[in-house]
Amino acid sequence: WGFVFWISYAAFFVCYVALGADVATDYEDRILLNSYTRLFTLGGGLIGTAVPLTAIAAFTSAGMETPTAWAVFAAILAGIVLIGGFLCWNATRGCELPVYEEPESQGIKGFLTDCRQLLTLRPYLKVIFSKVCSNIAYTFYTGTLIFYMQFVLQIDTRFSTVIYLLSNVFSLVLVPFIAGMTLRFGKRKYMAYSQFVCAALSVLM
């Protein structure tokens, strides 16, 4: 089920992130739009990391079995996701920029050709490699953090929820700062600087 979830998440989120390029043409407008997108994404992450453990604890305290509690919460979350997806579609429909393509560039064959051409670009490969490394590091971080808190420190799940809550609040506060720095230095330089600083801090901590 985890595999199905991440495939579904990627199918939506890739389109969601790419939507900014379709509704804004100016470079700075796109940065600002993506900043707002990030705020909503972090807000959803805030709910997704802080609420589940508290909700499951409340459901089980009310007499539900743990599997049933997770099923009920998943159903509630699925409904929220469907509503959010509909609102996003309804708010942006008609705002897409017209795309003029040659007939041979359309369809599955044209899509695969575009992907092959993108993978021949060295900067694009570097971005992909950087993103893969970041995802691997983040997966190790979140997985080991949960294990360490629950089984080594034996922290109550409600307290771990508070930790995730504070982490997401801190990320929300950083969004305006990151947007400002990106507008000032450009995406390329800011990405390089931020990755270096985060890696150095991770090693020190």
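From the N terminus on, the elements of the protein run α-α-α-α-α-α-α. This is a predicted model, in which local features need pLDDT of at least 70, side-chain atom pairs count only at pLDDT 80 or more, and totals for chains, interfaces and linings use all residues. Residues are numbered from 1 along each chain as its sequence is written, and side-chain values use heavy atoms, with hydrogens and water left out.

**View 1. Overall content of the protein.** The protein has 7 helices and 0 strands (DSSP runs numbered from the N terminus; helices are H or I with at least four residues, strands E with at least two). Of its 205 residues, 17% are buried (under 20% relative accessible area, 1.4 Å probe, protein chains only).

**View 2. Helix 3, residues 66-92.** Its 27 residues reach 39 Å from the first C-alpha to the last, close to the 39 Å expected (1.5 Å times one less than the number of residues). Ala69, Phe73, Cys88 and Thr92 are the buried residues of helix 3. Gly94, with a positive phi near 90°, follows helix 3.

**View 3. Helix 5, residues 122-152.** Helix 5 has 31 residues and spans 43 Å between its first and last C-alpha, close to the expected 45 Å. Ser130, Thr142 and Met149 are buried in helix 5. After helix 5 comes Gln154, whose phi is positive, near 55°.

**View 4. A positive surface patch.** Arg122, Lys126, Arg188 and Lys189 form the patch (residues with over 30% relative accessible area and no salt bridge, like charges being joined within 9 Å; a salt bridge is a side-chain nitrogen of Lys or Arg within 4 Å of a carboxyl oxygen of Asp or Glu). Helix 5 and helix 7 (187-204) each give two or more residues to the positive patch; Lys126 lies in helix 5.

Note on methods
Patch = residues over 30% accessible without salt bridge, like charges linked within 9 Å, V, L, I, M, F, W, Y side chains within 5 Å. Areas by Shrake-Rupley, 256 points an atom, 1.4 Å probe, with all protein chains shown as cover. Lys, Arg positive; Asp, Glu negative; His and termini not counted. Charge placed at Lys NZ, Arg CZ, Asp CG, Glu CD. Buried < 20%, exposed > 50% of the residue type's maximum accessible area, 1.4 Å probe, protein only.
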